[in-house]
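The following exercises concern side-chain interactions and are to be worked with the sequence and the structure at hand. Each task is followed by a solution in steps.

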Amino acid sequence: MRDEELWRRLQRLGEGGAEPAPEAIAAQRVAAVLIPLLADEPGCPVVFTRRAARLRRHAGEICLPGGRLEPADQGSVIRAALREAHEEIGLEPPQASVCRVLPACHNSRGDLIHPVLAPVARPARWRLQAEEVAGVIEVPLAHFLEAGHYRLERRRYDGQEKQSLVLDYGAQQIWGLTARIMHALREQWLAQTPA
């Protein structure tokens with residue numbers, strides 16, 4: 001059953017988070033990720049993927065469905081996020097109700113990443129793109145709203161020592177860009193004033 005207060009907060013969160021105009025992103029390397037929230041389910045789980053172990057980059061990491069914009073996206077980060085979620089986990093675009101595009105951030109390669117927040121309906125089953133996705137992981141939204149769950153940690157990545165934001169959930173570890181995106185969602189969430 002839907003948590004009505006949670007739903008109201010998601011709707012308020014969606015106010016003012018517009019998609020950037022295509023011409024504003026045309027000259028950049030741009031990608032989009034979907035933050036899929038199972039908002040009608042207890043705990044409002046956030047859906048992540050575990051990347052396949054055989055991938056050259058980010059193998060085995062937990063991330064959000066997403067990827068670079070393609071010509072078919074017509075410069076829309078929302079279309080790109082929904083397309084990638086459909087390709088990676090079988091989420092049909094009509095199952096998503098996009099409510100906000102969060103502020104963009106850069107990944108380690110300099111791509112500009114646009115997180116797209118969307119309550120989604122759970123499909124009958126997740127259809128995983130086997131070449132890229134090893135599994136789906138669901139984490140309650142409340143876990144990301146607690147400041148104490150985040151920490152900074154030194155990690156070796158691409159041959160360099162870097163400081164990274166890390167978030168543990170049981171035996172799972174979410175870090176790097178994905179942890180930064182979820183922390184940004186937390187800040188947006190907490191910035192809302194109660195109705």
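**Exercise 1.** Which residue forms a salt bridge with Arg 122, and how many Å apart are the closest N and O atoms?

*Solution.* The model is a predicted one. Step one is to identify the partner: Arg 122 is joined in a salt bridge to Glu 138, with 2.8 Å between the closest N and O atoms. Step three concerns accessibility: Glu 138 is partly exposed at 27%, and Arg 122 is partly exposed at 35%.

**Exercise 2.** Locate the salt bridge between Asp 111 and Arg 29, and classify each partner as buried or partly exposed.

*Solution.* The closest N and O atoms of Asp 111 and Arg 29 are 2.7 Å apart. Asp 111 is found in the loop between β6 (105–106) and β7 (112–119), and Arg 29 in the loop between α2 (22–25) and β1 (30–37), so this pair ties together parts that are 82 residues apart in sequence. Asp 111 has a relative accessible area of 1% and is therefore buried, the limit being under 20%. Arg 29, with a relative accessible area of 45%, is partly exposed.

**Exercise 3.** Describe the salt bridge between Arg 83 and Asp 73, and state which residues are linked in a network with them.

*Solution.* The side chains of Arg 83 and Asp 73 form a salt bridge with an N to O distance of 2.8 Å. Arg 83 lies in helix α3 (residues 77–89), whereas Asp 73 lies in the loop between β4 (66–68) and α3, so the pair ties together parts that are 10 residues apart in sequence. Both ends are buried: Arg 83 has a relative accessible area of 14%, and Asp 73 has one of 2%. The structure has 11 salt bridges by the rule applied.

**Exercise 4.** How many aromatic pairs are found in the whole structure?

*Solution.* The search finds one aromatic pair. The ring centres of Phe 48 and Phe 144 are 5.5 Å apart and their planes stand at 45 degrees, so the pair is tilted. Phe 48 lies in strand β2 (residues 45–51) and Phe 144 in helix α4 (residues 141–144), so the pair links distant parts of the chain, 96 residues apart. Phe 48 and Phe 144 are both buried.

**Exercise 5.** Which residues have the most contacts inside the largest nonpolar core?

*Solution.* This core has 32 residues, and those with the most contacts inside it are Ile 35, Val 46, Phe 48, Leu 141, Phe 144 and Met 182. Among the elements that each supply at least two of its residues are α1 (4–14), β10 (160–169) and α5 (177–191). The largest share, five residues, comes from α5. Apart from its neighbours within four places in sequence, Met 182 is in contact with residues including Leu 64 and Tyr 150. A second, separate core has 20 residues, among them Ala 32 and Val 116.

Note on methods. Residues are numbered from 1 along each chain as its sequence is written. This is a predicted model: local features need pLDDT of at least 70, side-chain atom pairs count only at pLDDT 80 or more; totals for chains, interfaces and linings use all residues. Side-chain values use heavy atoms; hydrogens and water are left out. A salt bridge is a side-chain nitrogen of Lys or Arg within 4 Å of a carboxyl oxygen of Asp or Glu. Helices (H or I, at least four residues) and strands (E, at least two) are DSSP runs, numbered from the N terminus. Buried means under 20% relative accessible area, exposed over 50%, partly exposed in between (1.4 Å probe, protein chains only). Rings of Phe, Tyr and Trp (its six-membered ring) pair if their centres lie within 6.5 Å; planes under 30 degrees apart count as stacked, over 60 as edge-to-face and the rest as tilted. A nonpolar core is a set of buried Ala, Val, Leu, Ile, Met, Phe, Trp, Tyr and Cys residues joined through side-chain atoms within 4.5 Å. Contact means heavy atoms within 4.5 Å.
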